[in-house]
Amino acid sequence: MGIDTLLLALIDGVSYAGLLFLVALGLTFIFGVVRVLNVAHGSLYAFGGYSAASMGIWFAQGSDSITLFLLAIVLGAGVVGVILGYGLTVLLHPFRDRDPIIQLLVTFGAFMVLEDVQVMIWGTQPYFVSGAVFQMGTSELLGVVFMNYQLWFIPSVALAVYVLLSWFLKHSLKGRQIIAVTHDREVATALGVNAGRIASLTFIIGATLGALGGALASPTTSLVPGVGADMIVLSFAVVATAGLGQISGALIVALMIGIARSLSVYFLPQFEVVMPYLIMMAVLLIRPQGLFTVAETRRI
Amino acid sequence: MKKRLLIAGIVFIAVLGLSAELPWVRVPMIMALVYGTAALGVVVLLRAGQISFGHAMYMLISGYTVAFLSQAYPGADGIVLVLAGTGVSLVTGMILGLFLVRYRGIFFGMLNLAISMVIFTIVTKFYGLTGGSDGMRIPRPSLFGIDMDRAGYEATLLVILLVLAIVLIFSVQQFFRSSAGQAMASIKTNEDRLEYLGVSAKKLLWQGYALSAALCGLAGAFYGLSQGLVTPEAGYWLKSGELVFMSILGGSVHAAGVFVAALLFEFVKVYASTLMGGAWQLVLGVSLIAIIYFLPGGITSLFRKKRKTLEVRS
Amino acid sequence: MFFKRFLRKITLALSLLSVMSAVQATEGDKPEEIILGITTFLSGSASVFGVPGKVAAEIYLEELNAGGGIHGVPVRPIFIDEGKGASGMLSDYRRVVQAEKADLMMAAISSGNCMALGPVAEDLKVVNIMWDCGTEKALEGLDYKYVVRSQANAVTEMVASVLYLLKVYPDFKTIAVVNQDYAWGHDSWEIFSTVLKQMKPDVEVVAEFFPKFGAPDYSSEISRLQALKPDVVFSSSWGGDLDTFTTQASQRGLFRNSKFFLALAESSLERLGSKLPEGVLVGARGDHYFLHPEYVNDPKHSDFVSKYLKETGSQPIYPVYHMVQAMEAMVGAYDKAIVANDGNWPSKEQLADALHGLTFRGLTSEVTIRPKDGQGLEDQLFGVTTSSDEYDFRILKDIMIVPADLVTTPVGESTPEWLKTLDAGLLDEVDFYREGSGGTQ
């Protein structure tokens, strides 16, 4: 035990957190704008992964090119994000004036449907397409060999997405319109913002992020039925702990959970899977609105 | 009253007759009644406008209590086990409810989810104590002091559950019509006004929560007894979601709706593998969305007496 | 009091009804077909292991039925997916027995499922052949009448594994384990570590990891193992889990630091290809290997191997062998029971009786089901991975075959007690396979 072990746990935790953040980001982003907790986000993760795997098999089979491999990931995620993201917007449209809980249940119904659609398209046997991940090489730190893909690539992508998204929201027209709709839909509409289109755009962005998480995970994990269900409840843990709609908060909480999890693999292996939910429970009991939510003033 | 007793009697005899003719119908029937009872617990909370995404944990707690007790006391009667399991779930619900009733809406749902996942993951990981993901066996106990073979055992469970269902439907309906039940419904519409009337919303919700935990516990104990096995999957968030699904499908208008919903759910699951090529989730998912759209009050809203009142769109 | 009497009456009535329907199939009635329920993993990460079993059943039954079936009666299989989870599988199992009126069942792959199924099968009075699950706890001391196992159990396999490890690599100091978090993973490690410590008291277990069944990612465990650098890394994982773990370990160079002993890896040799390095110790849960030195040219074996290869494009793995064994046990039992019944069709009880004490042969060596406790005795094969010019995946060399009766808990004894009596002297009784020596002692 000692500094070395702690550092190793930190490194492991960061690479796991990167993936977790990407998926949770999509979820929290959608909630922040459209006020819907999208249970079908797990399906987006799964579909993103399968789709990237299929693309990889389709045009990168046998080849070791990293570019083709990256192309498969981006395309896989993009296709899923656009199709399913838009599909979900359309599905939720008739329910837009209803209770948020009702909308959540609609997304739950969508999740159930998508679980079976996933099996219909890709079957029940596991997909494992590792290909060019190996081409990225390995690095040795503190006597332990890490895959560059997990060590540098995924966390970098997560960070890049975070920076890009924040920039987009603050500095682009569409981004600021999204923020406007987030703060007050009615006023934004009165000012000429097409709230419906903004909602669709948000959904597509959020869905693509979820799918990207799945696509990035696909080379190193095996894709099987049920992978979406596990991921969704884990993302809920991140999102609820950070505060619904908090993007920066989600990054920090994902890191917290990732590091807590890998620390427990090192010191208390039996608690590895309990960690995320323990943290979620503890935070929600003390601060139910999440760690980073700024208290809203009540309107009378 | 008489009409209702008549309906109850007809249903009772129909179910018994069916299960005598087709013995394999018994277990899905029992499962439907079990889930109906658990979903009834969720309906109680739905009345107050709150949805819990973790209530399957009370089924889990009760089931494992039954498993532990039947291991520790091999001769224990099934009814004693059920009472014990329900009791443990009730007490747990009472304790957890003490701080859960401070939350509303999405936070209430999320916190229940968090606690249920903590319980789920702990039960899954502690293989030495709980049998991990393989679960724990529950050998067939005597019922009311009588030892039975498989057929008799299933038949008795079915009869008990049917009687219980009928009793519970009547009691919960009475509860909804009582002042406590009506007051609980106002937690959904305007909690502040309730407080001004001098009624503690928290206490009401706590009572409702404890009741819902007990109902899920009751269901969980029978689940364990009929399966002969309890696994952590019984408390996974998907199971909680299915309970919410059933409660929405059945509607909070009449307590009987949720049993019809559970029956539908169970049989779609059983027949999907033979008829729909296994795509039961697709069928149920689509029907959930359809019901929410067309019949937001659930199936039982179809039977609601049409009252001439002014509807105010909120 | 009245209530009790009332209940008894209802119970009696319902029991009479069920008994009447059960007695319909009387002895001497040859059925039109034998309905056989088979559970296997058809979905999820374990399906890479379960689907070969299904294919094996289909190939075998096609051949059997083409020859007229069992004494003129064809066999029709109904497959149940273990990937649905224990509860789902249990309800399917009951439905197949009660609604589809299965004549016998073959279940299961997962040790956890076997533990749950045993009492159910006895309750339903249906003959159940445990065709692939390993935990000894599913059968030991339970006095089952209808349930038998047509293959070895965790005791045979793990004690033999310890012997193999000590024979091949006697001087290691530290060992770590990465097993699946369920009955098989825990029970197999319990036996392995107990016997290991008896035969090598100075061994140190540096880490014990039990990632969940179907875990997608082993990064943290692999990092930890790299830091700890144990001499030996042991795993009794199988299926998709073994594939994932091995691939990730290989990518990160874990095989260079430690000697790996993958007790069930024969079933992953082809899928892993070059991801599995040379020098890895491999077991086969039985003497199942498509290049088994003694049977590679045996017609029954090689015929089936080519059929399987033609059907699937892959070499058969041990679930295939286990399935054939179970089928042979079924056929042998019917033969034996019909003879004992003077040519009449046997009842379920007579069939169950016939299974006890039966000796039969799958594709490799003979297997015997012990008469008293229904436990199968199956020899165990081990080897070390090496490259091949002919195949693009690793094959085994330096093969060792351990006879079952040497390493299985004797009838009537309890495994924990019996394990304590083992010592290093047992090592002298096993040796590597020599061509022409006849294999087993």
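**The A–B interface and beyond**

Modeller: Start with the polar side of the interface. Between chain A and chain B, 8 residue pairs are in polar contact, with both residues of each pair at pLDDT 80 or more. Keep in mind that this is a predicted model. Chain A puts 42 residues into the contact, and chain B puts in 39 residues. Together the two chains bury about 3600 Å². Carbon and sulfur atoms account for 83% of that area. What about salt bridges across the interface of chain A and chain B? The rule finds 0. Now the chain A side. Helix 4 (100–122), helix 9 (227–242) and helix 11 (275–286) of chain A are the elements that each give two or more residues to the side touching chain B. Helix 4 of chain A gives the most, with 15 residues. By residue class, the side of chain A that touches chain B holds 34 nonpolar, 3 polar and 5 charged residues.

Stay in chain A for one glycine. Gly18(A) sits in helix 1, which covers residues 3–34. Gly18(A) counts as buried because its relative accessibility is 7%, and the cut-off for buried is under 20%. Beyond four places in sequence, Gly18(A) touches Ile154(A) and Ala158(A). Gly213(A) lies 195 residues from Gly18(A) in sequence. In space, their C-alpha atoms are 8.9 Å apart.

Next, a charged residue of chain B. Glu154(B) belongs to helix 7 of chain B, residues 150–177. Buried or exposed, where does Glu154(B) fall? Glu154(B) is buried, with a relative accessible area of 1%. The side chain of Glu154(B) makes a polar contact of 3.3 Å with the side chain of Arg26(B). Setting aside neighbours within four places in sequence, Glu154(B) contacts Pro23(B), Arg26(B), Val27(B) and Ile30(B).

Chain C brings in strands.

Another sheet of chain C is antiparallel. Its 3 strands form an open sheet in the order 11-12-13. Strand 11 (359–361) and strand 13 (376–377) of chain C are the edge strands, each pairing on one side only. Strand 12 of chain C, residues 366–369, is joined to strand 13 of chain C by 2 bridges. Ile369(C) has its bridge partner, Gly376(C), in strand 13 of chain C.

Last, a loop serine. Ser236(C) lies between strand 8 (232–235) and helix 8 (239–251) of chain C. Ser236(C) counts as buried because its relative accessibility is 0%. Leaving out residues up to four places away in sequence, Ser236(C) touches Met158(C), Val178(C), Asn179(C), Gln180(C), Trp184(C), Gly185(C), Ser188(C) and Leu264(C).

Note on methods: Residues are numbered from 1 along each chain as its sequence is written. Chains are lettered from A and ligands numbered from 1 in the order in which they are written. This is a predicted model: local features need pLDDT of at least 70, side-chain atom pairs count only at pLDDT 80 or more; totals for chains, interfaces and linings use all residues. Side-chain values use heavy atoms; hydrogens and water are left out. Contact means heavy atoms within 4.5 Å. Buried area is the accessible area (1.4 Å probe) that two parts lose on being put together, summed over both. A salt bridge is a side-chain nitrogen of Lys or Arg within 4 Å of a carboxyl oxygen of Asp or Glu. A polar contact is a pair of N or O atoms within 3.5 Å; within protein, one must be able to donate a hydrogen and the other to accept it, and residues adjacent in sequence count only if both atoms are side-chain atoms. Helices (H or I, at least four residues) and strands (E, at least two) are DSSP runs, numbered from the N terminus. Ala, Val, Leu, Ile, Met, Phe, Trp, Tyr, Cys and Pro count as nonpolar, Asp, Glu, Lys and Arg as charged, and the others, Gly among them, as polar. Buried means under 20% relative accessible area, exposed over 50%, partly exposed in between (1.4 Å probe, protein chains only). Two strands pair if DSSP finds at least two bridges between them.
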